[in-house]
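Q: I have a model open and I'd like to learn how to read it feature by feature. Can we work through it together?

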Amino acid sequence: MTTLSTTHEEIPVGVPEESPVADLRDLIDTHLHMPFPFRRNPRESEAAAGVDAWLSVWGLTDEPGVAAMIARTRPAQLASYNSPTMDSGLLQIMANQIAYQFVFDDRAEDIGRRSPGRLLPMLCESIAILRDGRAPSTPLGAALTDLHRQVRTRCTPAQAARWAWKSSEYVHGLMYEAVAQAHPFLLRTRDCTSIRSLTAGVEPFYPLCEAAQPYELSSAEFHHPVIRRLGRLSADAAVWIPDLFSVVKEQRAGEMINLALARQREHRCSLQAAVLLAIEEINGTIKEIQKLYAEIELELSPAGVGYVEGMIGWIRGCYYWSRTVPRYADVTSVPAVP
């Protein structure tokens with residue numbers, strides 16, 4: 001049996017003494033490589049109003065705490081920052097889906113924390129809707145059914161099928177997360193990042209990025225190894241960035257599936273040092289994305305270029321959204337230096 005070392009390994013935090021870096025958010029801003037400039041969609045306010053109306057129609061804001069949670073998470077803002085040129089119809093679907101996933105994810109966390117097995121009815125309903133078109137039996141299921149209808153209306157059959165498949169992967173990931181939370185002593189760093197790639201729920205939005213293009217990508221272009229690699233890297237970078245800003249909130253809540261917290265457990269270091277280790281991994285991922293995209297861009301069709309830029313847009317959007325959204329405001333309560 002492997003025994004973990006109890007030695008505290010402190011990794012130096014690279015902040016100059018005269019630096020104006022005051023808190024953990026400043027530390028992230030200082031060290032994170034973000035080559036993608038801030039942009040927002042001019043239809044953001046319309047999308048925000050649409051989200052409120054859609055959640056109300058399906059009774060989701062009738063649940064205790066949901067309306068306040070949506071106010072703290074600003075799903076339409078995230079959609080706007082991710083997709084600054086997307087038309088109003090697709091932007092609304094994206095904003096609705098982000099809001100739905102926040103509601104679904106928080107509900108799954110609450111239930112799964114008590115017992116992973118209690119998640120089965122909720123997750124099985126979602127899979128039945130996505131895979132078999134079954135009728136819903138709960139307000140959450142009814143909202144998912146309507147979201148699936150919106151996607152089928154706007155996307156091609158192939159894009160809608162990809163959306164359903166990736167959405168099912170997200171649902172399955174929540175069960176893995178619940179099991180990991182219930183048995184944290186078994187959780188290794190690579191398991192954490194694998195689960196995080198599913199529970200991120202980023203890849204279900206990629207078919208919407210494709211639908212925003214003037215035509216569907218060819219099979220050869222869509223399945224090109226570099227395009228597939230860019231999709232994987234973009235999804236990881238997009239979700240790891242919010243992990244940096246949510247780390248204080250999640251540490252206080254006892255959450256396990258977070259890149260920075262995984263690094264802290266692995267290296268037995270301060271939270272600040274763990275954040276820097278996570279940033280190093282994110283920076284390497286973003287630089288690989290830039291390199292691969294530069295190598296293939298000239299070979300891509302206009303739709304292929306738009307698709308890749310749509311995926312990469314999630315990196316930019318998640319950064320600018322995470323650093324100011326009220327949901328992660330606790331990040332400013334921790335100093336930059338331990």
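Q: Let's begin with S234: in which helix does it lie?
A: This is a predicted model, and in it S234 is part of helix α12, which runs over residues 225–252.

Q: Is S234 buried or exposed?
A: The idea is to look at relative accessible area, where anything under 20% counts as buried. S234 has 0%, so it is buried.

Q: Which residues is S234 in contact with, once its neighbours within four places in sequence are left aside?
A: Those would be Y206, I289, M311, I312 and I315.

Q: Now S322: where does it lie, and is it buried or exposed?
A: S322 belongs to helix α15, residues 302–322. Use the cut-off of under 20% again: S322 has a relative accessibility of 1%, so it goes down as buried. Setting aside residues up to four places away in sequence, S322 touches P242, F245 and Y328.

Q: What is there to note about phi of R74?
A: The thing to look for is a positive value in a residue other than glycine, and R74 has one, near 50 degrees. R74 sits in the loop between α3 (66–73) and α4 (75–82). With 33% relative accessibility, R74 is partly exposed, as the range for that label lies between the 20% and 50% cut-offs.

Q: And what is phi of R268?
A: R268 is not a glycine either, and its phi is positive, near 50 degrees. You'll find R268 in the loop between α13 (259–267) and α14 (271–296). Its relative accessible area is 32%, so R268 counts as partly exposed.

Q: Stepping back, how many helices and strands are in the chain?
A: Count 15 helices and 0 strands.

Q: How does the radius of gyration of the chain fit with a compact globule?
A: A compact globule of 338 residues would come out near 20 Å, and the chain has 20 Å, so the two agree. The C-alpha trace spans about 55 × 50 × 40 Å along its principal axes. Buried residues account for 56% of the 338.

Q: What is the mean pLDDT of the chain?
A: It's 92, with 94% of residues at 70 or more. Over residues 1–18, though, pLDDT is below 50, and that stretch has 29 contacts in the model beyond near neighbours in sequence.

Technical notes: Residues numbered from 1 in each chain as written. Predicted model: local features only at pLDDT ≥ 70, side-chain atom pairs only at ≥ 80, totals over all residues. Heavy atoms only, no water. Helix = DSSP H or I, 4+ residues; strand = E, 2+ residues; numbered from the N terminus. Rg over C-alpha atoms; globule rule 2.2 N^0.38 Å. Buried < 20%, exposed > 50% of the residue type's maximum accessible area, 1.4 Å probe, protein only. pLDDT = per-residue confidence, 0-100. Contact = heavy atoms within 4.5 Å.
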